[in-house]
Amino acid sequence: MKFSKINLIESIALILILTINRISMNNLQSILLFCGSSSILNVIFVSIITLFLIVVIIRLFKKFPNSDIIDVCEAIGGKFLKWLVGSIFALYIIVTSSLLLRYFIETIHIIYYGDAPIIYLLLFFSVVSVIANMQGIKSIARTNVILCVIMVISLLTAFAAVVPNMTIQRIFPILGHGVSNTFFTGISNIFIFNGFSILFLVPPLLENKKDFKKSTLIATLISIFIVILATASMLLAFSFSTDIDRISPLYSLLSNNEFGKYFQHPESLFIFTWILSFMSYFNIGLMTSSLVCQKVTNVKNSTPFIIPICIISLIIALIPNSIMQ
């Protein structure tokens, strides 16, 4: 893989695309089922906690400029800690991206590609990801900026479309299923921001090390805004949204709206942008995991890791008969 630095805009898009794809999946479904009418309050609460943790991460990395978590571990605990943390990070990225890929493939398989074997769809995404990573980090970053902008616009359009259907009374009772679900056990809903784990790997990729704080805060604030907006749309627009088990709630929101007489199926366009966006997500997952493996093994190039990691991801994605398992 060709190694090159990324600028401020590219780093913001790199961080943002991970959260956006989780919103598009069924993550909001879990929050709505767990918290009920207090979902918006819960999301605001975990967003504040997330922002606090992000500030802590930024302050910690000030002491290790232009270093990622693996460099920090090597400085603190030597090669063993570097190897241990690097291996855990690589495994986490590979498993997470593989399972999310399988979930996404199953979703579009249900909606549009029922006749196509799931393995063919998985192979398509895998081949695209390998080709993209062979082109280098800069190519992935530049493409991701375009796809991230498209995805943000499509999400905002989806939220705007359901405004006429919103009923403010659905926020009552304000505490939903109780104080515990909203503020204590509900802290677990911070998982919707787990895409921010990439922050531990971003500093060495930046052209200007001073951009880390700026890109991180901007991406975090945009992500929080979109997550709150998405939660409000789910909760206030349709009372049946919490009964959807296997298909993205955002898809269901769009499929129940029309944009004029000549554009009656906006969900088709959403699926198209969603496919492009998830391609970018999987590209980034493969890119970061291969870079971690490169750093842990001290080799000069991450290219040799691309195909093996992609094969492992494909195998992991094929293990469950159904992602519901």
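1. **Salt bridges.** Seven salt bridges turn up in this predicted model, each one a side-chain nitrogen of Lys or Arg within 4 Å of a carboxyl oxygen of Asp or Glu. A word on ground rules: the model being predicted, local features need pLDDT of at least 70 and side-chain atom pairs count only at pLDDT 80 or more, while totals for chains, interfaces and linings use all residues. Residues are numbered from 1 along each chain as its sequence is written, and side-chain values use heavy atoms, with hydrogens and water left out.

2. **Glu-10 and Arg-142.** Here the closest N and O atoms of the salt bridge are 4.0 Å apart. Glu-10 sits in helix H1 (residues 8–24) and Arg-142 in helix H6 (residues 137–161), so this pair links distant parts of the chain, 132 residues apart. (Helices are DSSP runs of H or I with at least four residues, strands are runs of E with at least two, and both are numbered from the N terminus.) Are the two partners buried or exposed? Glu-10 is buried, at 5% relative accessible area, whereas Arg-142 is exposed, at 53%. The cut-offs are under 20% relative accessible area for buried, over 50% for exposed and partly exposed in between, using a 1.4 Å probe and protein chains only.

3. **Asp-68 and Lys-295.** These two side chains form a salt bridge with an N to O distance of 2.9 Å. Asp-68 belongs to the loop between H3 and helix H4 (69–111), and Lys-295 to helix H10 (residues 266–297), so the bridge ties together parts that are 227 residues apart in sequence. Asp-68 is buried, with a relative accessible area of 5%. Lys-295, at 24% relative accessibility, is partly exposed.

4. **Lys-138 and Glu-207.** The N to O distance in this salt bridge is 3.3 Å. Lys-138 comes from helix H6 and Glu-207 from the loop between helix H7 (179–184) and H8, so parts that are 69 residues apart in sequence are tied together. Lys-138 counts as buried, with 17% relative accessible area, while Glu-207 is exposed at 51%.

5. **Overall make-up.** The protein has 11 helices and zero strands. Of its 325 residues, 54% are buried.

6. **H3 against H8.** Two packed helices are described by the angle between their axes and the distance between the axes. For helix H3 (residues 39–62) and helix H8 (residues 211–237), the angle is about 170° and the axes are 10 Å apart. Axes here are lines fitted to C-alpha atoms, for helices over the stretch in contact, and angles run from 0 to 180 degrees between N-to-C directions. H3 and H8 are therefore roughly antiparallel to each other, given that angles over 145 degrees get that label, those under 35 count as roughly parallel, 65 to 115 as roughly perpendicular and the rest as oblique. The contact of H3 with H8 involves 17 nonpolar residues, five polar and one charged. In this scheme Ala, Val, Leu, Ile, Met, Phe, Trp, Tyr, Cys and Pro are nonpolar, Asp, Glu, Lys and Arg are charged, and the others, Gly among them, are polar.

7. **Cavities.** How many cavities of 30 Å³ or more does the whole structure hold? The search finds three. A cavity is a set of points, on a 1 Å grid over the protein atoms alone, where a 1.4 Å probe fits but cannot get out, and lining residues have an atom within 4 Å of a point. The largest cavity has a volume of about 180 Å³; volume is the space filled by probe spheres set on the points, with grid points joined across faces, edges and corners. Its lining has 16 residues, and Leu-18, Ile-93, Ser-197, Tyr-281 and Thr-288 are the closest to the centre. H1, H4 and H10 each supply at least two lining residues, with the largest share, five residues, coming from H4. By class, the lining of the largest cavity has eight nonpolar, seven polar and one charged residues.

8. Ser-290, in helix H10, is buried at 0% relative accessible area. Its C-alpha lies 6.0 Å from that of Ile-306, 16 residues apart in sequence. Ala-219, in helix H8, is likewise buried at 0%. Ala-219 and Ser-11 are 208 residues apart in sequence, yet 8.6 Å apart in space, C-alpha to C-alpha.

Note on methods:
On a 1 Å grid over the protein atoms alone, a cavity is a set of points where a 1.4 Å probe fits but cannot get out, and a pocket is an open set with protein on both sides within 12 Å along at least five of seven lines; lining residues have an atom within 4 Å of a point.
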